[in-house]
Amino acid sequence: QLHMEMLAKENEVSQAKNKAKSVFLATMSHELRTPLYGVMASLEWLYRNVQLSPSQLEVVDCAMSSTYMLKSIVSDILDLSVLELGVFTLNKAPFSLLEKLNSIMQLITEASRAKQIER
C-alpha cells in the first residue's frame with residue numbers, strides 16, 4: 001500500500017514537472033518570436049530598399065532563409081508544448097515539398113561555403 005502511494009505521488013510530481021516544462025516552452029516560444037520578427041522585418045526592408053551587390057544579396061537571402069527556418073523551429077516548439085498541455089488544434093495547410101527541399105539545400109550550401117566544405 002505504501003509503495004503504491006509513493007508511486008502515485010512520484011507520478012503526480014512528474015506530471016507537474018512536465019506541465020511546468022510545457023508552460024515554460026510555450027512562454028519562451030512567444031518571447032523568442034518578438035525579436036525574431038524584428039530581424040525578419042529588418043532583413044525584408046534591407047532587401048527591398050537597399051541596392052545590394054550580388055554577394056550582399058546572397059548574404060541577405062541566406063539570413064532571411066535562416067530566420068524563416070528559425071521561426072519554423074520556434075513554432076514547432078510552441079506546437080509541441082501546446083500539444084503536451086492538451087490544447088492543440090491541427091490545421092492542414094498546403095505546401096510545396098520542392099520549395100522546402102530547395103530551402104534546406106540553400107541553407108546547407110551556405111553553411112558549407114562558410115565552413116569551406118566542398119561536395
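In the predicted model, helix H2 buries Val60, Cys62, Met64, Ser65, Thr67, Val74, Ser75, Leu78 and Ser81. These buried residues pack against two helices, H1 (2-49) and H3. H2 itself covers residues 54-85. Gly86 follows H2. The phi of Gly86 is positive, near 85°.

The packing of H2 on H3 was examined next. Two packed helices are described by the angle between their axes and the distance between the axes. H3 comprises residues 97-114. The angle between H2 and H3 is about 120°, and their axes are 10 Å apart. Angles over 145 degrees count as roughly antiparallel and those from 65 to 115 as roughly perpendicular; H2 and H3 are therefore oblique to each other. The crossing of H2 past H3 is left-handed. On the H2 side, the contact is made by Glu58, Asp61, Cys62, Ser65, Ser66 and Met69. H3 contributes Ser103, Ile104, Gln106, Leu107, Glu110 and Arg113. The residues of this contact comprise four nonpolar, four polar and four charged. Cys62 and Ser65 of H2 take part in the contact and are buried.

Helix H1 contains Leu32. Its relative accessibility is 43%, so Leu32 counts as partly exposed. Leu32 and Ile104 are separated by 72 residues in sequence. Their C-alpha atoms are 22 Å apart in space. Ile104 belongs to the H3 side of the contact with H2.

Definitions and conventions:
Residues numbered from 1 in each chain as written. Predicted model: local features only at pLDDT ≥ 70, side-chain atom pairs only at ≥ 80, totals over all residues. Heavy atoms only, no water. Axes fitted to C-alpha atoms, helices over the stretch in contact; angles between N-to-C directions. Helix = DSSP H or I, 4+ residues; strand = E, 2+ residues; numbered from the N terminus. Parallel < 35°, antiparallel > 145°, perpendicular 65-115°, else oblique. Left-handed = near helix turned anticlockwise from the far one by under 90°. Contact = heavy atoms within 4.5 Å. Nonpolar A, V, L, I, M, F, W, Y, C, P; charged D, E, K, R; others polar. Buried < 20%, exposed > 50% of the residue type's maximum accessible area, 1.4 Å probe, protein only.
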